[in-house]
Amino acid sequence: MNFSGKYQLQSQENFEPFMKAMGLPDDLIQKGRDIKGISEIEHNGKHVKLTLTYGPKVVKNEFTLGEECELETMTGEKVKAVVKMEGDNKMVTSFKGMTSVTELNGDTITNTMTLGDIVYKRVSKRI
């Protein structure tokens, strides 16, 4: 399955507690809470380019599935990680005690991030 496309955030659960746990300052959490972020994905074979736009904040990550890469987190920190495909519709990665699962079903992408006992879930639709 190919993840390529542009997706806009439709709903999210546990945004504030997750961002606090990630170390994001309260003022940025308040600003980011109501932004309907846009995710743009270019998926070509094992190569993936991901651009996340949240208002003025833009995070760009580029990686090859199954190979170690450097990813930028929402806090701007750079981390080493390996993004793997599970089945044909899930991308999974773990870093710094956090696990991220991005699942594509039709025109909907669900991203579930788990840090300790906090589960942050984002649902985005293709635009």
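**Group meeting: rings, a sheet and a cavity**

Okay, so searching the whole structure turns up two aromatic pairs, a pair being Phe, Tyr or Trp (six-membered) rings with centres within 6.5 Å. Phe15, Phe18 and Tyr120 make up one aromatic cluster.

Quick caveat: this is a predicted model, where local features need pLDDT of at least 70, side-chain atom pairs need 80 or more, and totals for chains, interfaces and linings use all residues. Numbering starts from 1 along each chain as its sequence is written, and side-chain values use heavy atoms, with hydrogens and water left out.

Now the sheet. Nine strands (DSSP E runs of at least two residues) form an open, antiparallel sheet, ordered β4-β3-β2-β1-β11-β10-β9-β8-β7; strands pair if DSSP finds at least two bridges between them. At the edges sit β4 and β7 (84-86), each pairing on one side only.

Over at β1 (residues 5-13), four bridges join that strand to β2. Look for tyrosine 7, opposite serine 39 in β2.

The lining has 26 residues, with Leu50, Leu52, Ser100, Thr102 and Asn111 nearest the centre. β8 (90-95) gives the most, four residues.

Notes: Phe/Tyr/Trp six-rings, centres within 6.5 Å; stacked < 30°, edge-to-face > 60°. 1 Å grid on protein atoms, 1.4 Å probe; cavity = no way out; pocket = protein on both sides within 12 Å on 5 of 7 lines; lining within 4 Å.
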